[in-house]
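Please look at the sequence and the structure below before reading on. The report then takes up a loop residue, some aromatic rings and the packing of helices.

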Amino acid sequence: DSARGLFTQLLHPGRPDDEHLRELLQEAATYRLRAHLVAFDIQTQHVSGADADNAGLTFLRAFYDSLGLSTVLAFAERELDLQWAGLYERFLRLYKERAGAPWSEEKDFLASSNLFAECLAELMPDRYRSAELAHDSLRLALDKLHASNIAEVVDRMLRWLEARQAEGDGPLRLVFVADEVGAWAGGNRQRIEQLRSLVETVASKGKGRIWLIVTSQENLSAV
């Protein structure tokens, strides 16, 4: 059974709030509303370095990880390019032939960039005329992504949603469930403001297409 169906079984007849929720669930079923869930412990996606306090990149990294892509953001975006070009399966075979190991085992390591660039140049020669140019492109993309602001991160999520929704099969929503947000934010004002900015930008740009749910053992209002 679907999660929606299982949840409906827990609703109590006659309770106004439960009846309203039942109506919403039925509406979602009628309009074939789909959701991609990104459930993650925010501390496990935390990285040290220049973007350590960039909440947008932390959520973007978790999103790409949920798609089975690399947590190296520049790698993940090239993987999406390969998928949209219908070349991803060829890439996986080519990488394994060259590396002697599957991409799934090496996708999160920057040391894989040289071989990744070789594969990109072979599979997408119109875009990358040589492995060296592909490698330079990866390096530039890394620098650009690490400097991304919240609005640019949300734009990337929306582009993915629009591309997936264009394939049909009903509306699609992106739902983040981030655990241990209180412990991650702590007393770090920059992280708190970044998270606030992310919520506000998702609301203004996403217009209901991206949902953020956070959990914490601490009182978030006191963080």
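## A residue in a loop

Where does Ser112 lie? In this model, which is predicted, Ser112 is found in the loop between α6 (103-106) and α7.

Is Ser112 buried or exposed? Its relative accessibility is 5%, and because buried means under 20% relative accessible area, Ser112 counts as buried. When its neighbours within four places in sequence are left aside, the residues in contact with Ser112 are Phe75, Tyr95, Trp103 and Glu106.

## Aromatic rings

The structure holds 13 aromatic pairs. In one of them, that of Tyr88 and Phe91, the ring centres are 5.9 Å apart and the planes stand at 40°, so the pair is tilted. Both of these residues belong to helix α5 (residues 88-99), where they are three residues apart, about one turn of the helix. Tyr88 counts as buried at 14% relative accessibility, and Phe91 is buried as well, with a relative accessible area of 0%.

## Helices α3 and α4

Two packed helices are described by the angle between their axes and the distance between the axes. For helix α3 (residues 55-66) and helix α4 (residues 73-84), the axes come within 10 Å and cross at roughly 45°, and the two helices are therefore oblique to each other. The crossing in which α3 passes α4 is left-handed.

On the side of α3 the contact is made by Leu57, Leu60, Arg61 and Tyr64, while α4 contributes Leu73, Ala76, Glu77 and Leu80. Sorted by class, the residues of this contact between α3 and α4 are six nonpolar and two charged, with no polar residue.

## Helices α7 and α8

How do the axes of helix α7 (residues 113-123) and helix α8 (residues 131-146) cross? They come within 8 Å and cross at roughly 120°, and α7 and α8 are therefore oblique to each other. Here α7 passes α8 in a right-handed crossing.

The residues of α7 that make the contact are Ser113, Asn114, Phe116, Ala117, Glu118, Leu120 and Ala121, and those of α8 are Ala131, Ala134, His135 and Leu138. By class, the contact of α7 with α8 has seven nonpolar residues, three polar and one charged.

Notes. Residues are numbered from 1 along each chain as its sequence is written. This is a predicted model: local features need pLDDT of at least 70, side-chain atom pairs count only at pLDDT 80 or more; totals for chains, interfaces and linings use all residues. Side-chain values use heavy atoms; hydrogens and water are left out. Axes are lines fitted to C-alpha atoms, for helices over the stretch in contact, and angles run from 0 to 180 degrees between N-to-C directions. Helices (H or I, at least four residues) and strands (E, at least two) are DSSP runs, numbered from the N terminus. Angles under 35 degrees count as roughly parallel, over 145 as roughly antiparallel, 65 to 115 as roughly perpendicular and the rest as oblique. A crossing is left-handed if the near helix is turned anticlockwise from the far one by less than a right angle, and right-handed if clockwise. Contact means heavy atoms within 4.5 Å. Ala, Val, Leu, Ile, Met, Phe, Trp, Tyr, Cys and Pro count as nonpolar, Asp, Glu, Lys and Arg as charged, and the others, Gly among them, as polar. Buried means under 20% relative accessible area, exposed over 50%, partly exposed in between (1.4 Å probe, protein chains only). Rings of Phe, Tyr and Trp (its six-membered ring) pair if their centres lie within 6.5 Å; planes under 30 degrees apart count as stacked, over 60 as edge-to-face and the rest as tilted.
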